[in-house]
Amino acid sequence: MIINNFNSKNKFIILISLIGICISSMAFSADTGPESSNIPMSGKELAQKVYDRENGDDSTAHTIMKLINKRGHERIRNFTFYSKDYRPLIKQLIRFTSPADIEGTGFLSIEKSEGETDQFLYLPALRRTRRIVSSQKSNRFVNSDFTYEDMERRPVEDSEHKIAGEDKIGNIDCFVLESRPKEESDSQYSLLKSIIAKNIYIALSVEYYNKKGKLIKKYRTIKLEKIQNIWTETEVIMEDLKKEHKTILKINNIMYNTNLDDNIFTRQNLGNW
């Protein structure tokens, strides 16, 4: 697992292992987090910092998606990812460019002020755009290990958060954040355990638990780089533990702050292929 040192004056690569992360149990106060810790914020405040972290005004990324089944068979897909920050709301568009069986497929995500996210999927074979409704949020996104719920940012208010301790990955100091989605959020999960890098507020690891409290998926940041002064996850992996299936996303190239046109993030553009 490769991550760039947090000291930008001495940029070098260090190796880290996300195997065997030890999460210590501590006593908690509902409002302030661990009672016996000097952690200077609550779980909600930490979750808000993760939600608000710097992503530039906009970005364009050329990305490889690798799907790996339990037998080790791989399928490769390529897509371009567009994102624009309207502070505090974000709009995003994914357009697959290869292989031929998925070329032109598009996905549009538009955050709304009331905390909801509109999602639309365009299927070029049908020349049809369909809205992803709440009952479909637990479905797999284009047969990957990410669900439609995973493809959207979770509003901080949709979950109860607490800091469950501190951890260290390599030489990186981290918080352990536990987030329990509220019933009204209609989440497919009962708990998310995240290892958050201090100071840059990026999740290096996330464990997903289903409604029965069983660990079903794991997300890891494999490579983290500072690009145009913005910390960027350039390689991540999502693993479905039951299906023994993995999805790896690797950014080949990303550009920030290029003044993307607002018209990119419309249903009309989504269907223009």
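A salt bridge here is a side-chain nitrogen of Lys or Arg within 4 Å of a carboxyl oxygen of Asp or Glu. Glu 160 belongs to strand β11 and Lys 182 to the loop between β12 (172-181) and β13 (191-197), so the pair ties together parts that are 22 residues apart in sequence. Helices (H or I, at least four residues) and strands (E, at least two) are DSSP runs, numbered from the N terminus.

Glu 160 is exposed, with a relative accessible area of 51%, whereas Lys 182 is partly exposed at 22%. Buried means under 20% relative accessible area, exposed over 50%, and partly exposed in between (1.4 Å probe, protein chains only).

## Basis of the model

This is a predicted model in which local features need pLDDT of at least 70 and side-chain atom pairs count only at pLDDT 80 or more, while totals for chains, interfaces and linings use all residues. Residues are numbered from 1 along each chain as its sequence is written, and side-chain values use heavy atoms, with hydrogens and water left out.

## Other salt bridges

Side chains of opposite charge can pair when their charged atoms come close. The count by the salt-bridge rule is 20. One of these pairs is Glu 157 with Lys 44, whose closest N and O atoms are 2.8 Å apart. Because Glu 157 lies in the loop between β10 (128-131) and β11 (159-169) and Lys 44 in helix α1 (residues 43-51), this pair ties together parts that are 113 residues apart in sequence. Glu 157 is partly exposed at 47%, and Lys 44 is partly exposed at 40%.

Glu 111 and Arg 153 also meet in a salt bridge, at 2.8 Å from N to O. Glu 111 is in strand β8 (residues 106-111) and Arg 153 in the loop between β10 and β11, so the pair ties together parts that are 42 residues apart in sequence. Glu 111 is buried, with a relative accessible area of 10%, while Arg 153 is partly exposed at 22%.

## A patch of positive charge

On the surface, Lys 212, Lys 214, Lys 242 and Lys 243 gather in a patch of positive charge. Such patches are made of residues with over 30% relative accessible area and no salt bridge, like charges being joined within 9 Å. Lys 214 lies in the loop between β14 (203-209) and β15 (215-227) and counts as exposed at 54% relative accessibility.

How values were computed: Patch = residues over 30% accessible without salt bridge, like charges linked within 9 Å, V, L, I, M, F, W, Y side chains within 5 Å. Areas by Shrake-Rupley, 256 points an atom, 1.4 Å probe, with all protein chains shown as cover. Lys, Arg positive; Asp, Glu negative; His and termini not counted. Charge placed at Lys NZ, Arg CZ, Asp CG, Glu CD.
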